[in-house]
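Hi,

Here is the structure I promised to pass on. Have a look, and then read on for what turned up in it.

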Amino acid sequence: MELRHLRYFLAVAEELRFARAAERLHIEQSPLSRAIKELEEELGVALFARTTRSTRLTHAGTLFLEHVRRVLAALEQARDSVKAAANGFHGQLRVALSDGVTPSRLSTLLALCRQEEPEVEIRFFEVTLSQQIKGLHDDLYDVGFAQSDEVGDGIVAVPAWSDVLMVAVPARHPLLAHKRIPLDELLRYPLVVCDPQVCEGHARHVERVLRRAEMEPLIAERVASCDLMMALVSAGFALGLTGGAHIAASREPGVVARPLASRVPPLTTYLLRHDGNPSDELAGFIGRVQSIEFPETPRPIRGRNPDTPEELMP
């Protein structure tokens with residue numbers, strides 16, 4: 001089995017069309033088909049079920065795909081580590097990011113890392129929570145950030161920072177008459193929330209809050225990023241529900257932040273790592289996360305509104 005067999009298999013498994021996979025690999029379709037046949041013969045199983053109309057993975061092919069992705073990711077990381085060493089770095093940290101961690105807080109942390117340990121290269125991987133947990137178990141990542149501590153056995157979840165869950169409101173919206181927005185009033189209007197397939201931890205937290213009311217929320221849109229959420233709020237499309245720091249970091253005009261009237265748990269970002277003795281580089285990184293004191297409640301107001309109370313203005 002050669003490395004090209006794995007790369008060819010991955011392309012076909014992701015495209016599920018031999019012609020498109022061949023185009024992606026910049027090869028002819030016949031050598032691609034031949035390579036897949038060689039791989040299946042060596043493994044002794046059919047990896048694809050092919051008809052004249054479609055190509056799909058068999059059960060064996062689905063299982064093999066998981067291993068192939070892990071092998072290719074490990075090879076990519078090994079290559080990057082060698083390059084990092086050649087460029088003068090003496091260590092590497094692989095950091096997984098889920099749920100869209102707050103940019104301002106991440107930049108503060110990275111500035112401290114560069115200042116205190118510039119010889120350690122830090123690489124980032126934006127993945128879903130489930131991918132992060134699996135990657136920590138499979139040693140694809142050293143550490144990660146996510147907005148959930150529901151991580152199962154073998155993973156340690158330590159609170160890193162918290163945000164007040166706030167409502168992002170378009171300027172001149174009727175709800176701005178409230179200094180603190182009652183949940184029942186919030187649910188009278190369409191909401192834009194994070195997609196649970198992309199931001200699992202964030203979506204779970206918001207869903208728990210919304211379940212406190214007897215009304216069913218009207219979800220206008222599910223988005224993959226808070227940037228798109230803020231754009232939709234700014235356009236008056238719907239109300240958003242996210243951490244105050246995300247609203248503060250938004251560059252969209254005409255977005256006003258309001259807290260909820262009822263007391264709700266903060267949106268907490270956790271540092272996740274495999275349960276075991278951390279390396280020196282990882283221990284130093286964790287120490288820096290714990291040393292930074294982030295403000296819990298930012299001042300996330302953009303777009304002056306004549307009905308906005310002065311204490312909420314910048």
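Which residues does leucine 186 touch, not counting those up to four places away in sequence? They are Val167, Leu175, Ile181, Leu191, Leu239, Leu241 and Leu260, where contact means heavy atoms within 4.5 Å.

Before the rest, some ground rules. This is a predicted model, so local features need pLDDT of at least 70 and side-chain atom pairs count only at pLDDT 80 or more, while totals for chains, interfaces and linings use all residues. Residues are numbered from 1 along each chain as its sequence is written, and side-chain values use heavy atoms, with hydrogens and water left out.

Leu186 is among the residues with the most contacts inside the largest nonpolar core, which has 22 residues. Such a core is a set of buried Ala, Val, Leu, Ile, Met, Phe, Trp, Tyr and Cys residues joined through side-chain atoms within 4.5 Å, buried being under 20% relative accessible area (1.4 Å probe, protein chains only). A second, separate core of 21 residues includes Phe9 and Phe48.

Then there is an open, mixed sheet of five strands, in the order E4-E3-E5-E12-E6 (strands are DSSP runs of E, at least two residues, numbered from the N terminus; two of them pair if DSSP finds at least two bridges between them). E4 (120-126) and E6 (155-163) stand at the edges with a single partner strand each, so one side of each lacks a neighbour in the sheet. E3 (residues 91-97) runs parallel to E4, joined by seven bridges; arginine 94 has arginine 123 in E4 as its bridge partner.

As for confidence, the chain averages a pLDDT of 85 (the predictor's confidence in each residue, from 0 to 100).

Best wishes

How values were computed:
Helix = DSSP H or I, 4+ residues; strand = E, 2+ residues; numbered from the N terminus. Buried < 20%, exposed > 50% of the residue type's maximum accessible area, 1.4 Å probe, protein only.
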